[in-house]
Amino acid sequence: SAAAWGLELPLELTEPEHFEVWPENWEAVRLFIRCQTQWRIGMNGRAGLDYAAVLAMGSLYQIDNLSQVVEEVQVIEAEILIQGAKR
């Protein structure tokens with residue numbers, strides 16, 4: 001944590017952001033959270049998720065309709081990449 005290094009971060013970086021997830025999107029959110037460390041990194045930062053890892057996690061957790069859930073994860077991924085590009 002930043003405090004362990006003697007750093008104090010602005011409140012907006014330390015307070016969890018609360019948001020609503022529609023029930024039909026929970027499986028995609030859960031899969032994304034499980035894969036959130038599986039980014040491919042390029043010269044300009046995040047390039048996209050490692051889909052081999054995404055599919056492996058989907059199989060490991062026996063997600064029904066995995067192709068549909070992966071498409072929903074791609075929507076999350078795309079928005080994160082857009083937000084990262086704005087910074």
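Q62 is exposed, with a relative accessible area of 66%. The cut-off explains the label: exposed means over 50% relative accessible area. This is a predicted model, and the values here are computed from it.

Q62 sits in the loop that links α3 (51–60) to α4 (66–86). Its backbone stands out. Q62 has a positive phi of about 50°, yet it is not a glycine. Most residues other than glycine have a negative phi. N65 lies in the loop between α3 and α4 as well. N65 also has a positive phi, about 55°, and is not a glycine.

## The hairpin

Two strands, β1 and β2, form a hairpin, with two residues between them. Strand β1 covers residues 39–42 and strand β2 covers residues 45–49. The strands run antiparallel, and four bridges join them. W39 stands opposite L49 in β2.

G42 belongs to strand β1. Is G42 buried, exposed or partly exposed? G42 is partly exposed, because its relative accessible area is 34% and that class lies between the 20% and 50% limits. G42 and E8 are 34 residues apart along the chain. Their C-alpha atoms are separated by 29 Å.

## Chain layout

How many helices and strands does the chain have? There are four helices and two strands. From the N terminus on, the order is α-α-β-β-α-α.

Take the contacts in the chain with a separation of 6 or more: residues 24 or more positions apart account for 48% of them.

## Overall dimensions

The C-alpha trace spans about 45 × 35 × 25 Å along its principal axes. The radius of gyration of the chain is 15 Å. For a compact globule of 87 residues, the value would be near 12 Å.

## Surface and charge

What share of the 87 residues counts as buried? The figure is 22%. Here buried means under 20% relative accessible area. The chain exposes about 7000 Å². Carbon and sulfur atoms supply 55% of that area.

The chain carries 6 positive and 13 negative charges.

How values were computed
Residues are numbered from 1 along each chain as its sequence is written. This is a predicted model: local features need pLDDT of at least 70, side-chain atom pairs count only at pLDDT 80 or more; totals for chains, interfaces and linings use all residues. Side-chain values use heavy atoms; hydrogens and water are left out. Two strands pair if DSSP finds at least two bridges between them. The radius of gyration is taken over C-alpha atoms; the globule rule is 2.2 Å times the number of residues to the power 0.38. Buried means under 20% relative accessible area, exposed over 50%, partly exposed in between (1.4 Å probe, protein chains only). Contact means heavy atoms within 4.5 Å. Accessible areas come from the Shrake-Rupley method with a 1.4 Å probe; for residues, only the protein chains shown count as cover. Lys and Arg count as positive and Asp and Glu as negative; His and the chain ends are not counted. The place of a charge is taken as NZ of Lys, CZ of Arg, CG of Asp or CD of Glu.
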